[in-house]
Amino acid sequence: MKPRKNTKRVPSFRKLLRTSKIKLDNKLKNKQYKQQSAAKKYRKEQKKLRQAVRDAVCRKPVPLEEYKKKHVAEKQDKEEEEDALPLDMMDEDDLKLMEDLAQKASFLTRDLSSNEPVHIKKRKHESVIDKYEKMPRRMQTEPEKELIHLLPIKDKGGIIPQTMEKPVLNVAQDEEEDDTEEMEVAEDPNEEPLPVLTPEEMAAERRRKLQERKIQIAALASAILSDPENNIKRLKELRAMLMEQDPNVAVIVRKLVMVSLMEIFKDIAPSYKIRPLTEAEKATKVKKETQKLREFEEGLVSQYKFYLENLEQTIKDWKQRKLKKSNVISLKAYKGLAEIAVKCLCELLVALPHFNFHNNIIVLIVPLMNDTSKMMSELCFEAVKKLFKQDKLGFASLGVVKVISGLVKGRNYDVRPEVLKVFLHLRIKEVELKKDSEDIAPKKRFMTYKEKRKNLSRMQRKWKKAEEKLERELLEAEASESKEKKLKLHTETLNIVFLTYFRILKKAQKSPLLPAVLEGLAKFAHLINVEFFDDLLIVLHSLIASGGLTYRETLHCILSAFHILSGQGDVLNIDPMKFYTHLYKTLFSLHAGGTNDDIGIVLQCLDVMLAKRRKQVSQQRALAFIKRLSTLGLHVLPNSSIGILATNRVLMHTFPKMDLLLDNESQGSGVYLPELDEPEHCNAQNTALWELHLLQRHYHPIVQKFAAHLIVGAPAEGSGALSPDLSRRPATELFETYSMKGMTFNPPVASVAPRRKDTFSRPDSFLNEELNEQLQQHISETAIRKPLDFAKHLKESSLS
């Protein structure tokens with residue numbers, strides 16, 4: 001027969017890899033089994049060693065000399081008895097048995113305390129009491145020894161246990177519960193109590209312990225920062241100090257550890273997000289450097305997660321007023337720990353927006369913005385504002401806006417207004433979007449196939465193709481955050497913001513959140529979709545007409561409406577005359593008291609309504625606003641007067657024929673009606689700006705300069721022109737620059753009549769409401785129709 005042909009195929013490379021992996025796994029299992037066997041054998045040896053020690057302590061062996069003396073005496077007594085008694089009376093078998101038993105030493109000298117039975121079977125009639133009565137009693141005079149188990153020594157022969165004796169006065173014999181339980185040594189009753197420390201000694205001891213903990217924290221932190229990859233395990237040691245149990249230094253040590261870990265994570269965290277490895281990546285063999293980097297990243301993420309959980313638990317314990325079982329820290333100290341934990345979370349929120357668990361930090365921080373503790377809420381507000389200002393792309397901002405929207409809806413709009421005011425710090429502006437998109441993703445034109453075929457040879461086309469491929473890859477790597485991606489993120493963020501605003505306008509119009517909503521709409525109105533313009537304007541006008549809004553809220557409604565109409569709303573055929581009328585009617589509601597801060601919003605409204613919509617504004621409307629603003633400048637604070645006069649200067653340059661108000665002659669039929677609320681029909685062309693003569697003698701030097709500048713027609717050049725630092729700055733900026741909060745008025749004595757100290761000591765009481773009403777009445781009755789006579793009358797009264 002022919003020999004059978006070997007049909008086995010040569011194993012492939014993948015099969016060899018699989019078999020080698022199986023062999024490696026088997027070797028690893030065998031190694032683990034050997035280690036477990038060796039550990040089990042070592043435990044058994046230690047158990048036998050402890051059992052031998054216990055038996056040695058319990059037993060009381062009989063000295064050998066006493067046994068010999070006793071044995072010799074018994075032999076002598078036996079010989080005497082043999083001489084005295086006749087042995088022929090006993091049988092030979094009985095005599096042989098007695099001789100055999102007498103020769104066994106254990107028969108006479110056996111230790112009765114031994115646990116080993118004399119016979120194989122116990123006697124039934126033997127009682128427990130008799131058994132204990134037969135055991136010898138130990139004398140207290142003999143000292144007892146206790147063996148202390150030391151570390152064993154291992155050599156070629158095996159493990160050699162090491163012990164040493166230690167004198168013990170009293171030993172408590174308890175039952176053994178575990179194999180590894182050691183004998184407990186009772187305390188000496190004659191031992192002296194510990195001395196009571198004085199307050200000075202306690203303070204010194206506390207300072208010593210605190211200094212030791214500080215040195216330990218500094219050593220661990222410096223070791224981690226010097227070599228993070230090799231010392232990443234030190235993070236666990238440092239984090240363990242968050243559970244400090246010494247009540248004297250526990251609070252301070254935990255605070256120091258929290259802040260130290262926060263700074264360490266800010267320094268060693270990479271500039272990318274660490275993702276978990278897949279099973280295939282774990283099974284793949286990599287270089288030592290790569291494996292070391294993976295271990296470092298895994299340890300860093302793990303310790304960072306545990307650290308954030310500790311901070312979260314600290315805040316929860318303070319919120320729920322829970323004490324731990326150990327009672328190391330009091331409830332009062334929990335507030336300080338919670339504040340430090342919130343500070344650490346806020347720092348990490350701003351410093352590591354790109355790292356892992358950033359969304360978890362957002363979920364922790366945003367609800368604390370509505371906390372009753374003012375300090376914690378302000379910390380969270382500032383952190384979110386900084387995050388919005390530095391977030392150029394929009395990932396972190398989108399996450400915060402989502403959580404805020406869910407918080408407002410989940411609490412049924414019962415949140416603090418500051419929660420919605422943080423939306424005002426979002427970096428979403430159309431101009432910045434266009435600029436960034438052009439800089440990040442520049443467009444490059446590549447040659448078409450026909451152009452290559454026509455102008456290039458075959459080899460040149462080949463090289464050109466490879467070159468264009470490389471350029472495309474470089475452009476993709478350079479413009480990783482493209483225009484489309486950025487616009488998509490900003491659009492999604494704005495949609496959530498507007499959704500929150502519209503919900504409040506629809507369902508909670510009487511909520512304290514309405515001013516923040518109107519202020520937000522005024523800022524982002526130019527980014528709203530055109531489809532919502534009509535409905536939004538109707539809602540804003542209905543809010544104004546309802547009369548339930550404050551003056552500031554009304555101004556925000558007007559500003560929002562004109563922001564909508566000045567952007568994409570230019571294409572719409574909407575007449576906002578009702579908003580002009582309402583602002584003109586309510587301008588005299590402002591004064592030097594509590595409403596002085598609202599003038600900043602009024603200046604923004606005037607800029608949007610008149611300067612930016614110059615083509616839609618008639619000459620009569622512009623004249624009426626200039627006249628009313630000049631009258632308003634008489635009874636407001638100096639910073640407000642400067643802003644109003646700067647606005648009038650802009651209006652004089654924007655609209656022609658505004659110099660009519662600088663002439664005393666009438667320009668048409670009719671008489672100026674200052675009490676009429678319609679700016680188109682008040683005949684403002686028939687009056688004059690006599691208020692400028694009064695403001696020219698104002699005690700504030702900047703007000704004097706603006707008034708003198710407007711009297712001569714607001715020239716851009718010449719002797720009556722303003723300095724560049726005043727002429728180039730907008731009205732709102734001048735209003736904020738010359739704000740007089742916290743300042744006192746010290747007018748020159750020659751230009752202002754004497755005054756009482758309690759009348760103008762504070763800016764808020766510059767003009768009270770009664771004086772304001774008298775001034776308005778006096779102006780309307782005397783000054784309007786006879787401006788020159790009234791100015792002369794005031795001049796004479798001031799001189800007298």
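Two rings of Phe, Tyr or Trp (its six-membered ring) make an aromatic pair if their centres lie within 6.5 Å. With that in hand, a search of this whole structure turns up nine aromatic pairs. Keep in mind that you're looking at a predicted model. The protein chain has 800 residues, and 34% of them count as buried.

**The chain overall**
- The protein chain has 32 helices, along with four strands.
- If you take the contacts with a separation of 6 or more, 69% of them come from residues 24 or more positions apart.
- The chain's accessible surface is about 53100 Å², and carbon and sulfur atoms account for 53% of that.

**Aromatic pairs**
- Phe423 and Tyr501 are one of the pairs, with ring centres 6.1 Å apart. Their planes stand at 65 degrees, and over 60 counts as edge-to-face, so that's the label this pair gets.
- The two partners come from distant parts of the chain, 78 residues apart. Phe423 is in the loop between helix 15 (417-421) and helix 16 (430-440), while Tyr501 is in helix 19 (residues 483-507).
- Buried means under 20% relative accessible area. Phe423 has 0%, so this residue is buried, and Tyr501, also at 0%, counts as buried too.
- Phe562 and Phe579 form another edge-to-face pair, at 6.1 Å centre to centre and with 75 degrees between the planes.
- This pair also links distant parts of the chain: Phe562 belongs to helix 22 (residues 551-566) and Phe579 to helix 23 (residues 577-585), 17 residues apart. Both Phe562 and Phe579 are buried.
- There's a cluster as well: Phe265, Tyr304, Tyr307, Phe355 and Phe357 are linked by ring pairs.

**Charges over rings**
- Tyr580 has Arg621 lying over its face, 4.4 Å from the ring centre.
- Tyr584 has the charged end of Arg628 over its ring, at 4.0 Å from the centre.

**A look at helix 28**
- Helix 28 covers residues 701-711, and its buried residues are Ile702, Val703, Phe706, Ala707, His709 and Leu710.
- These residues take up an arc of only 160 degrees around the axis, so they sit on the same side of helix 28.
- What do the buried residues of helix 28 pack against? Their partners are helix 26 (638-654), helix 27 (691-695), helix 29 (724-727) and helix 30 (731-737).
- Just after helix 28 comes Gly713, which has a positive phi of about 95 degrees.

Key. Residues numbered from 1 in each chain as written. Predicted model: local features only at pLDDT ≥ 70, side-chain atom pairs only at ≥ 80, totals over all residues. Heavy atoms only, no water. Helix = DSSP H or I, 4+ residues; strand = E, 2+ residues; numbered from the N terminus. Buried < 20%, exposed > 50% of the residue type's maximum accessible area, 1.4 Å probe, protein only. Contact = heavy atoms within 4.5 Å. Areas by Shrake-Rupley, 256 points an atom, 1.4 Å probe, with all protein chains shown as cover. Phe/Tyr/Trp six-rings, centres within 6.5 Å; stacked < 30°, edge-to-face > 60°. Lys NZ or Arg CZ within 6 Å of the ring centre and 35° of its normal. Arc of directions from axis to C-beta.
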